[in-house]
Amino acid sequence: MRLSAAINSFKSSNLISWKTTGKLQQTLAGCIELSGKTLHSGKVSKVKIWPGFAGEGRYFEFHSNLIPASIDFVRESLLCTTLCKDGYKIRTVEHLLSALEAKGIDNCRIQIQSLDSEDTEVEVPIFDGSANAWVEAIEQVGRKEALDRCGNNVEKLAPYLSEPFYVSRNDSFMVAFPASKVHISCGIDFPKVPAIGCQWFSSAALDDSYEKHIACSRTFCIYEEVEHMCSMGLIKGGSLDNAIVCSAIRGWLNPPLRFPDEPCRHKVLDLIGDLSLFARSGSRGIPMARVISFKGGHSLNADFVRRLSGITVQET
């Protein structure tokens, strides 16, 4: 595909311009198949990731329904990112998408199924609460140049931010500044949980540091909030094996941490997965920008991506 044709096929807001990365779109060199327990439903699901055609991006297949990994299909949900189309929902997609985006898998078909064939909702397995399992599986099969359905390669584009902008919700915010490369900084603040407190972590996100310093960071929760989350029908599959748990009084219940700032690093992992939802037609999702997030979460991340897409977001 000619570069000019690829760029012209993209519709975006005034905040973004699309430019070539000088690289070709990639896909998996083989098939990945993993299964495991899920965090919120507690059920077991199986995921099979197939190589994809260039220009078609990343998308899920559930009960023969195709759901693109796009902000257009994100629906508000608690403690995870959920894709929804035609009454079918796929929950907790962020760790898998984070690994695919960071490892440069631009096009793939993600086939997912629950052991209960009647389910209209399914969830991606949680494994140890990090993206390690996905990164290791991608490394094992490798990647290759993706070809479109006519056998042609396709230029990989990246979104460049043209001006600063921000989104906010209460005392949480995200701000982005134009930059020549990707740089992400995340801050969290838990003043009532001294073992966590206020933390900051910064990363170039798409370089080798992802695998070593971000992918292995696990999801975390506050012990005193567990009962409330359970009462809301969440974390039915949660355990000390798939999350790090911290008590306001007793500190970490299942040490050791992989990093002193592991909770903050996990926020970066989640953010990369959520930013990947800006990708379209096999392009990169994360914008060329310096992104700073403070006390963010999946809802704020989604607001940020919607703003990039030119969708009006109501601030609170």
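Tutor: On a 1 Å grid over the protein atoms alone, a cavity is a set of points where a 1.4 Å probe fits but cannot get out, and its lining residues have an atom within 4 Å of a point. Grid points are joined across faces, edges and corners, and a volume is the space filled by probe spheres set on the points. The structure is a predicted model, in which local features need pLDDT of at least 70 and side-chain atom pairs count only at pLDDT 80 or more, while totals for chains, interfaces and linings use all residues. Residues are numbered from 1 along each chain as its sequence is written, and side-chain values use heavy atoms, with hydrogens and water left out.

Student: How many cavities of 30 Å³ or more are there by this rule?

Tutor: The count comes to 1 cavity. The space in the largest cavity is about 60 Å³.

Student: Which residues line the largest cavity?

Tutor: The lining consists of Val74, Arg75, Glu76, Ser77, Cys80, Thr81, His298, Ser299 and Ala302. Strand E7 (74-75) and helix H7 (298-308) each supply at least two of the lining residues, and H7 provides the largest share, 3 residues. Helices (H or I, at least four residues) and strands (E, at least two) are DSSP runs, numbered from the N terminus.

Student: What is the volume of the second largest pocket?

Tutor: The volume is about 530 Å³. A pocket, unlike a cavity, is an open set with protein on both sides within 12 Å along at least five of seven lines. Of the 21 lining residues of this pocket, Lys23, Ala102, Lys156, Leu206 and Arg284 are the closest to its centre. Strand E1 (16-24), H2 and helix H4 (209-214) each supply at least two lining residues, with E1 giving the most, 3 residues.

Student: Why is Asp106 called buried?

Tutor: Buried means under 20% relative accessible area, exposed over 50%, and partly exposed in between (1.4 Å probe, protein chains only). The relative accessible area of Asp106 is 3%, and therefore Asp106 counts as buried. Asp106 is placed in the loop between helix H2 (94-102) and strand E10 (108-114).

Student: What lies 2.8 Å from a polar atom of the side chain of Asp106?

Tutor: The backbone nitrogen of Gln26 lies at that distance. Gln26 is also among the residues in contact with Asp106 (heavy atoms within 4.5 Å).

Student: What makes H2 mostly covered?

Tutor: In H2, 9 of its 9 residues are buried, including Glu94, His95 and Glu101. After H2 comes Gly104, whose phi is positive, near 75 degrees.

Student: Which residues have the most contacts inside the largest nonpolar core?

Tutor: A nonpolar core is a set of buried Ala, Val, Leu, Ile, Met, Phe, Trp, Tyr and Cys residues joined through side-chain atoms within 4.5 Å. The largest has 73 residues, and those with the most contacts inside it are Ile49, Phe60, Ile90, Ile110, Ile184, Tyr210 and Phe304. Helix H6 (residues 262-275) gives the most to this core, with 6 residues. A second, separate core of 7 residues includes Ile126, Met229, Leu234 and Ile235.

Student: Why is Asp86 called exposed?

Tutor: Its relative accessible area is 61%, and exposed means over 50%, so the term applies to Asp86. Asp86 lies in the loop between strand E8 (82-85) and strand E9 (88-91). Its phi is near 55 degrees, a positive value in a residue other than glycine.

Student: Where is Ser281?

Tutor: Ser281 is in the loop between H6 and strand E21 (289-294). Its phi is also positive, near 55 degrees. Ser281 is partly exposed, with a relative accessible area of 38%.

Student: Is the peptide bond from Pro255 to Pro256 cis or trans?

Tutor: The bond is cis, with omega near 5 degrees. Pro256 is in the loop between strand E20 (251-252) and H6. Most peptide bonds are trans.

How values were computed. A polar contact is a pair of N or O atoms within 3.5 Å; within protein, one must be able to donate a hydrogen and the other to accept it, and residues adjacent in sequence count only if both atoms are side-chain atoms. Lists of a residue's contacts leave out its neighbours within four places in sequence.
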